[in-house]
Amino acid sequence: MGYQVKFYQLRCIETEDNGEDETWVDFRGGRVWGRGDVSKGDVINVNNGPFTLSNSGADVVSVWEHDDFDPDDHLGDFHISPASSGRGEQVAVFRGDGAHYTLTYEVRPDNW
């Protein structure tokens with residue numbers, strides 16, 4: 001049996017930059033949302049997926065923030081695995097480089 005993940009909402013609790021971040025979300029190295037302007041307190045309806053999970057272990061979802069004059073900021077990784085199937089909506093937390101974001105997601109069996 002295979003499993004899939006769907007991403008629902010990205011919430012910004014604290015930005016990495018002063019003011020707005022230019023944030024995006026990657027799943028297994030491919031962009032699934034963004035790059036969009038995000039301010040403290042924003043809740044973005046990502047509503048993207050479902051994406052098939054690998055059977056070999058946990059897949060990585062990452063949040064990034066774009067910078068014009070220095071390297072982009074990696075705000076964190078979260079590992080999603082089929083083991084979280086059937087638990088309903090869950091929340092991944094990203095706290096890198098002074099930022100604080102959460103991403104709501106759900107894992108279910110294929111063909112939901």
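## Starting at Arg35

Let's begin with Arg35, which counts as partly exposed at 43% relative accessibility (buried means under 20% relative accessible area, exposed over 50%, and partly exposed in between, with a 1.4 Å probe and protein chains only). This is a predicted model, where local features need pLDDT of at least 70 and side-chain atom pairs count only at pLDDT 80 or more, while totals for chains, interfaces and linings use all residues. Residues are numbered from 1 along each chain as its sequence is written, and side-chain values use heavy atoms, leaving out hydrogens and water.

## Salt bridges

The side chain of Arg35 meets that of Glu22 in a salt bridge, 3.6 Å from N to O (a side-chain nitrogen of Lys or Arg within 4 Å of a carboxyl oxygen of Asp or Glu). Glu22 sits in strand β2 and Arg35 in strand β3, so the pair ties together parts 13 residues apart in sequence (strands are DSSP runs of E, at least two residues, numbered from the N terminus). Glu22 is partly exposed too, at 25%.

By this rule there are four salt bridges. Another one of them joins Asp59 and Arg28 at 3.7 Å, N to O. Asp59 is buried, with a relative accessible area of 4%, whereas Arg28 is partly exposed at 46%.

## The open sheet

Now for the strands. Four of them form an open sheet in the order β4-β1-β8-β7, with antiparallel pairing (two strands pair if DSSP finds at least two bridges between them). β4 and β7 stand at the edges with a single partner strand each, so one side of each has no neighbour in the sheet. Ten bridges join β1 to β8, and Tyr3 stands opposite Pro109 in β8.

Terms used
Helix = DSSP H or I, 4+ residues; strand = E, 2+ residues; numbered from the N terminus.
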